[in-house]
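Hello,

Here is the structure I promised to pass on to you. Please open it next to this email, and then read my notes with the picture in view.

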Amino acid sequence: MKFTVSFLCLLSSALLMTGCGSMYMTKSQTVVKEKKSYSKILVISRGKNEIARSIFEQDIARNLDAHGIKGVAYHKESGIGVPVDTELTEAQIADLKNKVIDMGFDGVILTHLVNTQQYKELIPTGVYPSTDPNYYGQWGYYWTYYPAMDWASGYSIEGTTLELESALYDLRATDGNSLQWLGRFKLDDPEDLQKATSNYAKELVTALRQESIK
């Protein structure tokens, strides 16, 4: 549960496919249907915990690099100077966008926490079905069921579900439609920071490559 607290701090300020190959992703939306190429993408996660945020950003940037796309973690870029743990004014948003463009970035991947929910489920004795466990505007405005039958004695499950969202923006867009893709993810009681962020990053970049990025 230690990671739960850290990850909440990481993302509390500010989601591909739903299928057997997805550990966290629940749904996605390709806003602009045409795939685009990017030369340099800035990876930003909103949150207060600098260590957790830096690991998260670096994992996504590393997965982008593995596909020949230059990914840069926000916390490693100097000269931008806009806080990632507070709400931004319109002036700050415009300033951030201009600085990022001037630094040669043509895309941004922005991630934040959407919701947290405590859950408690009572599983009775016998045969039972087990289950594993919107689209926002443009730059600057932040966002399975698998049937199976099991036999077990009665018990209860409780914990915390984190719901996150990742969005891809094209900074070159001139028609006001900079949002390209949106994905929603759910994590139940993540305990291992490195493993959780690594898996999340792989799913995210795989989805982007399949649905939005050439």
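A term to start with: helices (H or I, at least four residues) and strands (E, at least two) are DSSP runs, numbered from the N terminus. This is a predicted model, so to speak of local features I needed a pLDDT of at least 70, and side-chain atom pairs count only at pLDDT 80 or more, while totals for chains, interfaces and linings use all residues. Residues are numbered from 1 along each chain as its sequence is written, and side-chain values use heavy atoms, with hydrogens and water left out.

**How confident is the model?**

The pLDDT is the predictor's confidence in each residue, from 0 to 100. Its mean for the protein is 75, and 69% of the residues reach 70 or more. Residues 1–20 have a pLDDT below 50, and beyond near neighbours in sequence this stretch has 76 contacts in the model, a contact being heavy atoms within 4.5 Å. Residues 141–152 also stay under 50, and there the model has 49 contacts beyond four places in sequence.

**The overall layout**

The protein has 4 helices and 8 strands. Read from the N terminus, the order of the elements is α-β-β-α-β-α-β-β-β-β-β-α. Of the 214 residues in the protein, 47% are buried. Here buried means under 20% relative accessible area, exposed means over 50%, and partly exposed is in between (1.4 Å probe, protein chains only).

**Strands side by side**

Two strands pair if DSSP finds at least two bridges between them. Strand β2 (residues 40–45) and strand β3 (residues 70–73) run parallel and are joined by 4 bridges. Look for Lys40, whose bridge partner in β3 is Lys70. Between these strands the chain passes through α2, and this β-α-β crossover from β2 to β3 is right-handed. That word applies if, with the strands pointing away from the viewer, the path from the first strand over the helix to the second runs clockwise.

Strand β1 (residues 25–30) runs antiparallel to β8, with 5 bridges joining the two. Gln29 has Leu182 as its bridge partner in β8. Strand β8 (residues 179–188) is largely enclosed by the rest of the structure, because 8 of its 10 residues are buried.

**A closer look at helix α2**

Ser54 has its place in helix α2 (residues 50–66). With a relative accessibility of 12%, Ser54 counts as buried. A polar atom of the Ser54 side chain lies 2.7 Å from the backbone oxygen of Ile51.

Phe56 is in helix α2 too, and is buried with a relative accessible area of 0%.

**Charged pairs**

Side chains of opposite charge can pair when their charged atoms come close. A salt bridge is a side-chain nitrogen of Lys or Arg within 4 Å of a carboxyl oxygen of Asp or Glu. The whole structure has 8 salt bridges.

One of them joins Arg62 to Asp59, with the closest N and O atoms 2.5 Å apart. How far apart are Arg62 and Asp59 in helix α2? They are separated by about one helical turn, because they are 3 residues apart in that helix. Arg62 is partly exposed, at 47% relative accessible area, whereas Asp59 is buried, at 3%.

In helix α3 (residues 90–102), Lys99 and Asp95 are 4 residues apart, which is about one turn of the helix. Their side chains meet in a salt bridge, at 3.3 Å from N to O. Lys99 is partly exposed, with 27% relative accessibility, and Asp95 is partly exposed, with a relative accessible area of 33%.

The salt bridge between Asp106 and Arg172 has its closest N and O atoms 3.7 Å apart. Is Asp106 buried or exposed? Asp106 is buried, with a relative accessible area of 8%, while Arg172 counts as partly exposed at 40% relative accessibility. Salt bridges that share partners join Lys36, Asp106, Asp170 and Arg172 into one network.

Enjoy exploring, and write back with any questions!

Best wishes

Terms used. A polar contact is a pair of N or O atoms within 3.5 Å; within protein, one must be able to donate a hydrogen and the other to accept it, and residues adjacent in sequence count only if both atoms are side-chain atoms.
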